[in-house]
Amino acid sequence: MTTPLLKVEHLTMRFGGLTAIGDLSFEAHSGQITALIGPNGAGKTTVFNCITGFYKPTEGMITLTQPDGQKLLLERLPGHDINWKGRVARTFQNIRLFGGMTLLENLLVAQHNVLMNASGLSILGIFGARSYKRAEKEAIELAEYWLEKTGLIDRADDAAADLPYGDQRRLEIARAMCTQPLLLCLDEPAAGLNPRESLLLNDLLISICREHKTSILLIEHDMSVVMQISDHVVVLDYGRKIADGPPDAVKNDPKVIAAYLGVEDDEVEKTEAEIATIAAHAKGDAR
Amino acid sequence: MAQASLDAKPAAQPTRFERAFKDAFIAALVMLGLSVPILALRAEQNMSNEVILIPRPWLVVICCLIVFVGRLLLGLFVFNRAPGAKPLVETPSAVKTAWAKFAPYAAQVGLGAIIAYPLVALYLGGPQGAIKWIDNFGIQILIYIMLGWGLNIVVGLAGLLDLGYVAFYAVGAYSYALIATKVIPATFPDLGVWAFWICLPVAGILAAMWGVILGFPVLRLRGDYLAIVTLAFGEIIRLVLINWVDFSGGYAGISSIPRPSFFGIPFNASESGFAARFGLEFSPIYRTIFLYYVILVLALVTAFVTIRLRRLPVGRAWEALREDEIACRSLGINTVSTKLTAFATGALFGGFAGAFFAARQGFISPESFVFLESAQILAIVVLGGMGSLFGVVIASIALVGGIEILRELDFLKAIFGSDFDPTQYRMLIFGLAMVLMMLWKPRGLISHREPTVFLKERKSISGSLVQEGHG
């Protein structure tokens, strides 16, 4: 068994008295698409915010293993270093593009740290150093590659806010990919897309995962996307993990169906009892 | 008339003229009601100190007529125009094509005009007359252009609303004044003539350092809170300068600050002075012209650095920060240090401008660094269009030059009486201009944004898509 790329252990996030995530543990493996699903308010985006450093978790450990074997504890890194040192990129549920900047500029901002080093912290850049010009040319080439890939190359010089919704979603993915991440966290990438756009998105995500060695962690409500592309599914409900496994197994899990469709009260008690026995067994096994 | 036509065709809609006429008539009635108590009688004292009332019926009639005609014209040509109607004043296509040809060269032509300005003023006004035009107009406007460009980095690019920018201007001015009057004479008296050139970079660096010191605690705040705290910092610096008398001279300020030399040659009437060395007759105009070119070069350096920085990752990060701070953080941009660089770069140019100001005036006191100065610099940036260098130039000329022009309008005294002082109306005019701008061009004179990089063609981005920043 290889070391997982991302290992979340006993993650707990409390806001005052509210426990948004309670003792969550899961793993995401390299080269796989892991989906995080659950009903509204289950705490999926909170998990994302913990992984990408927007929240500091109350308890728990988030370990990211770099290709050279170095392990980084994401909860201890400052917010911006999670992208730069940890190489974790993300998109947002409500799209956050730099609307007044062109598509190309959006993708160049994503390569900020690389370019900043090349420009000698701007000092060489002000005097027009050749090394910076070369770095900028490479950055533009990378941006062009991702614009090509997401089918936005014709609009490279337009303002990002001018794009239609579906294109904005793809641009956000392209922007995240320009940081050359190991792990790409996508928060509902298919929300608001029509079925055709949704199919294109599936292809894009699969190609990102297979060709660029970028693993994907995905929050999604659109089950057709989740079931088609993900290798591994983690189901959350009320901040706790209720199922974890390959898509087909999860789809037929009674607890998952109960969480999504709702059940009668006595059934809940029955299920809880079942969970208690399973847990007791699990503990017994562990000992 | 309106009534009659309504009676004749009760079902028909009133025509535009009828509506406008009725509207104008009502406005004239309102004017009549207002003007009778205000304008109709003039109270004066006669020889025996009794109040006598002079009726002025014609003034009332004239005012009502002006309102009536004005309102009628507005009603006919401006209000309620059909959508898609032709614009009121259509730019002739010849003018448009001429402008399209001229526009790419506008910057060069403008720069040429600015470089030639003191020589033209000298030629037209002679050595005595030109000083006023070069000093009060040229240098004054250029100082504000430079301050506007400096603040533009903080407010226009990074989107951090800074209401205390004048603090850095003060730090620059006092750094130069104190080093040149106290430190240099005490340590290296021989360097006295070089004081300005030594202190200029020092003043800038000290101001940038204060920018970082003030920015560090402030930058975790956003929006209104940031604005209020920067305002407070500006006031704190001024109050320290007033109250720390041993250090800064308090209200009395610092006087006899050394004036800049022509790279080591002082501007004075002595044997080794500028005029004698170059075989010219001594005149204060040479110093003024020299100062003009110094501030011009400083301002151009500011513009050059700003243009370059915008195309560098740090400049793009500033603009990205203005657009969306959270997205910036998710892309690995250290938002704190990026904001601090914006604050420090803006403060650096404020410091340069401050050192120049102290050298030009020869005297500084805390009076020069009141909040109104910050407000005026901010007004220049907002009026010009946030982020636009060219807009700042136009706004500085309009605001600073406009106020100076008011002093020159002596002919108005012939109309309004000899005790009429047009400069007293400057705040009124300033406020009115601001209100008109908010109605006409709420995003400033030049609101569109030029992209910093492009693949195929450079398309300017409409101002409505560009965020203004939340601090």
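Tutor: This is a predicted model, and the discussion takes up cavities, domains and a sheet in turn.

Student: How many cavities of 30 Å³ or more are there?

Tutor: The count comes to three. The largest cavity holds about 50 Å³ of space.

Student: Which residues line the largest cavity?

Tutor: The lining consists of Asp162(B), Gly164(B), Ala167(B), Phe168(B), Leu214(B), Val218(B), Thr230(B), Phe233(B) and Phe343(B). Six of these residues are nonpolar, two are polar and one is charged.

Student: And which helices supply at least two residues each to that lining?

Tutor: In chain B, they are helix H6 (166-187), helix H7 (195-218) and helix H8 (223-243).

Student: What does the domain assignment give for chain B?

Tutor: It gives domain 1 (2-77) and domain 2 (108-408 + 441-465). The C-alpha centres of domain 1 and domain 2 of chain B are 49 Å apart.

Student: Now the sheet in chain A: what is the strand order?

Tutor: The order is E6-E7-E8-E3-E9-E10 in chain A, an open sheet of six strands with mixed pairing. Strand E6 (88-90) and strand E10 (240-245) of chain A are the edges, each pairing on one side only. On average, neighbouring strands of this sheet are turned by 15° against each other, direction ignored.

Student: How do E6(A) and E7(A) run, parallel or antiparallel?

Tutor: E6(A) and strand E7 (residues 183-187) of chain A run parallel, joined by three bridges. Arg90(A) stands opposite Cys185(A) in E7(A).

Student: Which helix lies across E6 and E7 of chain A?

Tutor: Helix H7 (residues 165-177) of chain A does, running at about 160° to E7(A). Helix H11 (residues 254-261) of chain A lies across strand E3 (33-37), strand E9 (232-237) and E10 of chain A, at about 130° to E10(A).

Methods:
Residues are numbered from 1 along each chain as its sequence is written. Chains are lettered from A and ligands numbered from 1 in the order in which they are written. This is a predicted model: local features need pLDDT of at least 70, side-chain atom pairs count only at pLDDT 80 or more; totals for chains, interfaces and linings use all residues. Side-chain values use heavy atoms; hydrogens and water are left out. On a 1 Å grid over the protein atoms alone, a cavity is a set of points where a 1.4 Å probe fits but cannot get out, and a pocket is an open set with protein on both sides within 12 Å along at least five of seven lines; lining residues have an atom within 4 Å of a point. Grid points are joined across faces, edges and corners, and a volume is the space filled by probe spheres set on the points. Helices (H or I, at least four residues) and strands (E, at least two) are DSSP runs, numbered from the N terminus. Ala, Val, Leu, Ile, Met, Phe, Trp, Tyr, Cys and Pro count as nonpolar, Asp, Glu, Lys and Arg as charged, and the others, Gly among them, as polar. Domain bounds come from an automatic or database domain assignment. Two strands pair if DSSP finds at least two bridges between them. Axes are lines fitted to C-alpha atoms, for helices over the stretch in contact, and angles run from 0 to 180 degrees between N-to-C directions. Contact means heavy atoms within 4.5 Å.
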